[in-house]
Protein chains: 2
Amino acid sequence: MGSEALRHSGKPRYLQIADDLADQIRSGVLAPGVKVPSESEVMGRYGVSQGTVRKAVAELRTAGLVETHHGRGSYVRSLPPVRRKSSDRFRRSHRKAGKAAYLVETEGAGHTPGVHVLYVGPMDAPTDIADHLGVAEGSKLLARRRRYFVDGVPTEEATSYLPWSIAEAVPELLRDNPGGGGIYARLEEHGHHLAEYVETVRARLATKQETTALQLSPGAPVIHLVRAAVTDEGNVVEVCDTVMAADRFVLDYRIPACD
Amino acid sequence: MGSEALRHSGKPRYLQIADDLADQIRSGVLAPGVKVPSESEVMGRYGVSQGTVRKAVAELRTAGLVETHHGRGSYVRSLPPVRRKSSDRFRRSHRKAGKAAYLVETEGAGHTPGVHVLYVGPMDAPTDIADHLGVAEGSKLLARRRRYFVDGVPTEEATSYLPWSIAEAVPELLRDNPGGGGIYARLEEHGHHLAEYVETVRARLATKQETTALQLSPGAPVIHLVRAAVTDEGNVVEVCDTVMAADRFVLDYRIPACD
DNA sequence: TAGTGGTCTAGACCACAGG
DNA sequence: CTGTGGTCTAGACCACTAA
């Protein structure tokens, strides 16, 4: 009985099994990409029922150690490359090189970047975005939604929102590729001189859609970052809403000391 | 059979039940703090077995909507206070008021702050901290570990590390309460003029210990923040390692645009 | 003690992937 | 087709909590 094993160790059987497997993964007995023994095999090996094995594997999944695929099996997760989002990525000098920040960052780390444009076009302002932009809810905005990849693995999904009145004066913004230096370069070329960026960072569990879009395990955490670009006049001309796979990013910020 | 219901909706029964309950919570039918119907009651109401109900409740738990207590029942989580860590919280002018940043932030939001000092004393430098401080691994450091509360609920655990050579010259740092303005004020009084703070932000799932310390549900995400305090001379005099319950914080950063 | 959530079983059927 | 993970049941026993 399970209760017997429980008395022996003071720990649920499914956690013992999960720890056993986790040790094998961390020690390299089960290498990244390798198939984890099937449920029925683990059932036999430990003499437990399927439900117990499933609970054990669920533990490993939320710990980010394995990913499960219906009909195929469970596999040890290969650790994805970590990208570092530094706060000086918005320097104008970087834009002059003509490359977007993510390209430089990713290639510099020896990885292959990729972007997929999901949508570029008009959209009614959602409440939270409207708040940031200082416009009415439901106002017409330009939305630019794209998904970023590193070595073919999706890591990030970002949507930029701009008031339509600003966007229509900058024709490049309606194209999939806004050109060298990205949309901030285009905005500054059209007289919107940027003074600062304000970022707010949250962390939470991924929604079902995000789990799919970013190929995450259920229960995996994401970083939700909202950045507002503010001009010299104090106007917010763009808001960028980004959802990142938490285990693939580290955010860096430099805060100058002041009085 | 479950398969029948599955065909009807294309959705697993346990998710239907979870969604039903989630709707009742969001619509206010089940208010914060209220007891969720017991497993046996839900079993009867939906005509499913205990395992199915448990999976549904597990969903609500990882979604942060509910907390379960062995032997007592499940309760709708009362929305926790959100503290806003603005990047200007380290201004010297705030320190002159004599209050620590967390006190001002928490009281300003209408909540009752609390601190519990867990440890103040010497410690050997862990590798990552040693890297930040630019000292050898295993060097003698002063460690100051404390847990922060909001309205009695633990929200954050932070450890400050300082090279022992610096700490021993500032006697207040060895006391539980370092005095008005916190350790940054003491450091500046002793000639360490701070030029900037560098923060690195990660998000991940809580470990077992963190789950206990911060009273989180298993599988809940945390924000892991490491801040280095840098002097005019470019020396790192303090590193603060903080783990926060992700759903209780929003981090704010202002990034000045520059060339 | 009664009621609650936590663990476990033995067996069933389903949906998916691959040979 | 076989083997895999995903869902579900009916029933059992345990551990914790509160009356």
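A polar contact is a pair of N or O atoms within 3.5 Å; within protein, one must be able to donate a hydrogen and the other to accept it, and residues adjacent in sequence count only if both atoms are side-chain atoms. The model is predicted: local features need pLDDT of at least 70, side-chain atom pairs count only at pLDDT 80 or more, and totals for chains, interfaces and linings use all residues. Side-chain values use heavy atoms, with hydrogens and water left out.

**Polar contacts with DNA strand C**

- A:Q50 has a polar side-chain atom 3.2 Å from a base nitrogen of DNA strand C.
- In B:T68, an N or O atom of the side chain is 3.4 Å from a phosphate oxygen of DNA strand C.

- A residue is near the strand if one of its heavy atoms lies within 4 Å of it.
- There are 26 residues around DNA strand C, and A:R13, A:S49, A:T52, A:K55 and B:E39 come nearest.
- Three residues, the largest share of this surface, come from α4(A).

**Helix α2(A)**

- Helices are DSSP runs (H or I, at least four residues), numbered from the N terminus.
- Buried (under 20% relative accessible area, 1.4 Å probe, protein chains only) residues of α2(A) include A:Y14, A:I17, A:L21 and A:I25.
- Just after α2(A), A:G28 takes a positive phi of about 90°.

Definitions and conventions. Residues numbered from 1 in each chain as written. Chains lettered and ligands numbered in written order. Buried < 20%, exposed > 50% of the residue type's maximum accessible area, 1.4 Å probe, protein only. Helix = DSSP H or I, 4+ residues; strand = E, 2+ residues; numbered from the N terminus.
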